[in-house]
Amino acid sequence: IITAVTVFLLPKWYRATASVLPPERGAMDMNLSSIYRGGLPFLGGELAIPFAASPSDVLAAIAQSNAVLLGVIQDLSLAKRYNTASVETLLKALRGNLSVKTTTEGIVQIGYEDKDSKLAYEAVQSVLTNLDRVNQRRGSTKARANRLFVEGRLKETEKALQAAQDSLKAFQLTNRALDLDEQTKALISSA
């Protein structure tokens, strides 16, 4: 009887969940939008997560990161809802109701519990949206870093090539060596 009374007196809690397919290592798509289209995003990169972490573990860690959760706090106006401006308090409340788990199959399950069913649903949707945003930013940052590296290497290689050409010309002038390319062209044109 005590259990029955307790069950009826306690407020109802609602749980919203979403399952995210595991990203493949080496896949080329950088955002979670591809999951909705049936694709799989790429999450390889230089995160501060142990080498042995699976792509699903990386995704789960990003979903619980401050970058994602601060976006959720802003999206859902949680400061107003919980009547506090303390980011630490809001992060603690959000993390208390949020669950992010990775199954043995590598599927990431994101859940949120709240007394308000609409808030539970919106919180999960906001986590997914902000997770997508963070992944897109990571992808563009990595692509830009790769581009800058390649541009730098190209400039270094062009300088090294020019130095080698200058050194060859200096050697040819000093040692009266023949320029075989120019001599070959002259022979072909005279024939």
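Modeller: This is a predicted model. Of the 191 residues of the protein, 29% count as buried.

Colleague: What makes a residue count as buried?
Modeller: The cut-off is under 20% relative accessible area, so the 29% called buried are those residues that fall below that mark.

Colleague: Thanks! Which elements does the chain have, and in what order?
Modeller: There are 8 helices and 3 strands. From the N terminus, they run α-β-α-α-α-α-α-β-β-α-α.

Colleague: What makes E1 and E3 a pair?
Modeller: Pairing takes at least two bridges between two strands. E1 and strand E3 (residues 108-114) have 7 bridges, so they count as paired, in the antiparallel sense. Within this pair, Val20 stands opposite Val108 in E3.

Colleague: And how are the strands arranged in the sheet?
Modeller: The 3 strands form an open, antiparallel sheet in the order E1-E3-E2. Strand E1 (14-20) and strand E2 (98-102) are the edge strands, as each pairs on one side only. Ignoring direction, neighbouring strands of this sheet are turned by 15° against each other on average.

Colleague: What lies across the sheet strands?
Modeller: Helix H7 (residues 117-175) lies across E1, E2 and E3. Helix H7 runs at about 145° to E3. Angles are taken between N-to-C directions on a scale from 0 to 180 degrees, so this value describes two directed axes.

Colleague: How much of the accessible surface belongs to carbon and sulfur atoms?
Modeller: The accessible surface of the protein comes to about 13200 Å², and 59% of that belongs to carbon and sulfur atoms.

Key. Residues numbered from 1 in each chain as written. Predicted model: local features only at pLDDT ≥ 70, side-chain atom pairs only at ≥ 80, totals over all residues. Heavy atoms only, no water. Helix = DSSP H or I, 4+ residues; strand = E, 2+ residues; numbered from the N terminus. Buried < 20%, exposed > 50% of the residue type's maximum accessible area, 1.4 Å probe, protein only. Areas by Shrake-Rupley, 256 points an atom, 1.4 Å probe, with all protein chains shown as cover. Contact = heavy atoms within 4.5 Å.
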